[in-house]
Amino acid sequence: MTSVSSNRSTSDSGWFANFPFDPARVPVFYGTVVLVCGTLGVLASAPGQTVGVSVFTDFLIDAHQLSRSWISFAYLAGTIGSALMISRAGRLYDRFGGRLVSTVSALMLSVVLIGMSVSDQIAGAAASWFPERYGDAVSFTVLSVGFFAMRFFGQGMLTLSSRNMVLEWFEQRRGMALAFIGISIAFGFSITPPIFEWLIQKGGWSWAWRTIAVMVAGFAVVSICFSRSRPEEHGMLPDGPFAKEGRKAHAETLQGRQFTLAEARRTYSFWVFTFSVVLSGLLLTAFSFHVVSIFADAGMSRARAVAVFVPAACVSVAIEFVGGWLSDFVKLKYLAMVQSAGSLTLAIALTFLDSGPSQVFVVVGMGMMQGMFSIVSGVTWPRFFGRTHLGAISGFSTSIVVAGTAVGPYLFSVAHERTGSYRPATLLCAGFAVALIAASSRADRPH
């Protein structure tokens, strides 16, 4: 293949680029190997995602003797803190490449998990230096720092670097690559809670976190050996043999201008797509966090509340597969409209939730949002703004999204506390969804 020189300097060069082997000598297109590594990287971030942390919440409450509200607030503080750092840290991806960043992020997440497994002991030792009345404050601080590190290295850097690395290796087939990741994650994250729960029941919550830390460290070894940052650094091009010169792809999928972060932030489309993902993440996180209470207000049981996630995952997989294929042929603004339509559907269904057909719309809305989430949040940045500053641009957007997901549960809890209902929050989300659907009609690729 034609050799293409890299227009950025990364550490994935020289002898390190071909350690422990030269990917150009592999008999298959190496992008498929990177796709598997990137998928494993996102799955390895599960301990730092809400789906992984939530399993340990009750055990942290007992170990630290803090109320559920204080644990939740520590999680909020840690998540907001990580959101503020992800944008700046995204520049590390542009400088050092996905291979090194994903490896280091996995190693750091492993260390943090070990620290969290003894967080009660750390808090106890630190509290001994202060008067007894400051014990709760010390535990809150220790947990906030721990949550910050878990969210930053897990949900933030490991997810961002693993996904972006895949985006570097695919261009015409970028949507299908992300669809593969999304479908794998939908199934992978769905079995994460029962696996973590099994580990807890087997050896306790501290032992479970240490065991998970070993698994995450194992991925770091896989990443350093098999991941590669960019195809150009190995004399290859994105898509490899899957690239077709005569392929009828939409003009938006063809490589365009390389934007800097400052230039991207000045475009209309950047903010429309970012806030589409923010609303989706905010609403989905808030619903997941308060799902039992929301269904209880509608007169339904805990079992019925939890049951909606399985059919929603099935809808999500179908939507993601179709959306991933379509993203290589149509304008992304239409997919953003579908995502916002999913947000609108879920918000309206929750506003008028009962034991009837509204539950079907909850499932459909969740499926539409989840199915489009990784496509809209992943394909957009390299297609609209190029790959040169992909880390900085996607990192800045991710920081806003992470902050939004942290605010969601708090927004819903405030609405319920002050009005006795979640309706003010769900109607507010519905209003924003309508505005985003209208705004998306003009969100074309910037020139």
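The side chains of Lys 333 and Asp 444 are joined by a polar contact of 3.2 Å, and I take this pair as my starting point in what is a predicted model. Lys 333 belongs to helix H13, which covers residues 332-351. Is this lysine buried or exposed? Its relative accessible area is 9%, and because the cut-off for burial is under 20%, Lys 333 counts as buried. Setting aside neighbours within four places in sequence, the residues in contact with Lys 333 are Phe 273, Ser 440, Ser 441, Ala 443 and Asp 444.

The largest nonpolar core comprises 85 residues, and Phe 56, Phe 147 and Trp 209 have the most contacts inside it. Helix H6 gives the most to this core, with 14 residues. Phe 147 touches Val 53, Leu 60, Ile 71, Ala 74, Tyr 75, Gly 78 and Met 116, when residues up to four places away in sequence are not counted. A further core, of 30 residues, lies apart from the largest one; among its members are Leu 284, Phe 287, Met 300 and Ala 312.

Finally, the surface. In soluble globular proteins, nonpolar side chains tend to be buried together. Which residues form a nonpolar patch on the surface here? They are Trp 129, Phe 130 and Tyr 134, with about 430 Å² of accessible area together. Trp 129 sits in the loop between helix H5 (119-127) and helix H6 (135-169). With a relative accessible area of 75%, Trp 129 is exposed, whereas Lys 333 is buried.

Methods: Residues are numbered from 1 along each chain as its sequence is written. This is a predicted model: local features need pLDDT of at least 70, side-chain atom pairs count only at pLDDT 80 or more; totals for chains, interfaces and linings use all residues. Side-chain values use heavy atoms; hydrogens and water are left out. Patches are made of residues with over 30% relative accessible area and no salt bridge: like charges are joined within 9 Å, nonpolar side chains (Val, Leu, Ile, Met, Phe, Trp, Tyr) within 5 Å. Accessible areas come from the Shrake-Rupley method with a 1.4 Å probe; for residues, only the protein chains shown count as cover. A salt bridge is a side-chain nitrogen of Lys or Arg within 4 Å of a carboxyl oxygen of Asp or Glu. Helices (H or I, at least four residues) and strands (E, at least two) are DSSP runs, numbered from the N terminus. Buried means under 20% relative accessible area, exposed over 50%, partly exposed in between (1.4 Å probe, protein chains only). A polar contact is a pair of N or O atoms within 3.5 Å; within protein, one must be able to donate a hydrogen and the other to accept it, and residues adjacent in sequence count only if both atoms are side-chain atoms. Contact means heavy atoms within 4.5 Å. A nonpolar core is a set of buried Ala, Val, Leu, Ile, Met, Phe, Trp, Tyr and Cys residues joined through side-chain atoms within 4.5 Å.
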